[in-house]
Amino acid sequence: MTQIVQMKDMNKYYGTHHVLKNIDLSVDSGEVVVIIGASGSGKSTLIRCVNGLEEYESGQLVVDGHPLSPKGGNQTELSAIRKEVGMVFQQFNLFPHLTVKRNIMLAPMKVKQNSEADAEAIALRLLERVGIANQAEKYPSQLSGGQQQRVAIARALAMEPRLMLFDEPTSALDPEMIGEVLDVMRELAREGMTMMVVTHEMGFAREVADRVIYIHEGQIVEQGKPESVFDAPQNERTQAFLSRVLAH
């Protein structure tokens, strides 16, 4: 099995605050890894390091065969990584002055150097894939939050990524819109997309993850199959966290 992500003894600081502590983690091609933990535990920072949005200070990080050096490192490697890694954020970050279709066409045209006609075909195909083909000519402000997040997923998929990163993609959504975004993510998982997902949606983690990782204060405290982590956690910190979040 090919490893898409390899982290070895990786450390990250914000000033004197030690955010990520000696992280050892690998993600195999086709694997869905869901990262859980309390707010401020380092979950989002960890996946933001994978595509260079956050710089780490020491250790090793290799993404799809490209080593990403500490503190920024090689820009050539970073550019290669960003062409192969799609990311979906809490906020949708769509361009408000462009139609839904045009938002998605940007990556194929600017990064992949596709023609406008090819980029349009890609955009329409991806909108069909995420279930909102009928919204192509609308502007982001005319869509619900769930629809906007599905556009953001389609835009990330337009890069034809080998890895998708999701940073709490449903946290800004109203409860009734969460399901439609998770349905798209479930379908990506069924199709074999390699995914790293930071989420508070424990039901989704149990259902879709190949592996669940619990992070506490910047350290990987426990990891394993969903049934192991959720039903029989070994670490007392994992037990305490799950007893809080699963009680609601």
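Mentor: Let us begin with Thr238, which, not counting residues up to four places away in sequence, touches Tyr214, Val221, Glu222, Val229 and Pro233; contact here means heavy atoms within 4.5 Å. Please keep in mind that this is a predicted model, in which local features need pLDDT of at least 70 and side-chain atom pairs count only at pLDDT 80 or more, while totals for chains, interfaces and linings use all residues. Residues are numbered from 1 along each chain as its sequence is written, and side-chain values use heavy atoms, with hydrogens and water left out.

Trainee: Okay, and does Thr238 count as buried or exposed?

Mentor: Thr238 has 0% relative accessibility, so it counts as buried. The word buried means under 20% relative accessible area, with exposed meaning over 50% and partly exposed lying in between, for a 1.4 Å probe and protein chains only.

Trainee: Which helix is Thr238 found in?

Mentor: Thr238 is found in helix H9. Helices (H or I, at least four residues) and strands (E, at least two) are DSSP runs, and they are numbered from the N terminus.

Trainee: In what order do the six strands of the open sheet come?

Mentor: The order of the six strands is S6-S7-S8-S3-S9-S10, and their pairing is mixed. At the edges are strand S6 (85-88) and strand S10 (219-224), each of which pairs on one side only. Neighbouring strands of this sheet are turned by 20° against each other on average, with direction ignored.

Trainee: How many bridges join S6 and S7?

Mentor: S6 and S7 pair over four bridges, in the parallel sense, and Met87 stands opposite Leu165 in S7. S7 also pairs with strand S8 (residues 195-198), again in the parallel sense and over four bridges, and the partner of Phe166 in S8 is Val197.

Trainee: How much of S7 is buried?

Mentor: Five of the five residues of S7 are buried. Leu163, Leu165 and Asp167 lie on one side, Met164 and Phe166 on the other, and both faces are covered. In a regular strand the side chains alternate between the two faces of the sheet. Helix H2 (residues 75-84) lies across S6 and strand S7 (163-167), running at about 65° to S6.

Trainee: Changing topic, what about the open sheet of four strands, which order does it have?

Mentor: Its order is S2-S1-S4-S5, and the pairing is antiparallel. Strand S2 (17-28) and strand S5 (66-67) stand at the edges with a single partner strand each, so one side of each has no neighbour in the sheet. Strand S4 (residues 58-63) and S5 run antiparallel and are joined by two bridges, and the bridge partner of Val62 in S5 is Pro67.

Trainee: Now the helices: at what angle do H5 and H6 cross?

Mentor: Helix H5 (residues 145-157) and helix H6 (residues 175-190) cross at roughly 20°, and their axes come within 8 Å. They are therefore roughly parallel to each other; angles under 35 degrees count as roughly parallel, over 145 as roughly antiparallel, 65 to 115 as roughly perpendicular and the rest as oblique. The residues that make the contact include Gln147 and Ile153 of H5 and Glu180 and Val184 of H6.

Trainee: And what is Gln147 in contact with, leaving aside its neighbours within four places in sequence?

Mentor: Gln147 is in contact with Ile132, Gln135 and Glu180. At 17% relative accessibility, Gln147 also counts as buried.

Methods. Axes are lines fitted to C-alpha atoms, for helices over the stretch in contact, and angles run from 0 to 180 degrees between N-to-C directions. Two strands pair if DSSP finds at least two bridges between them.
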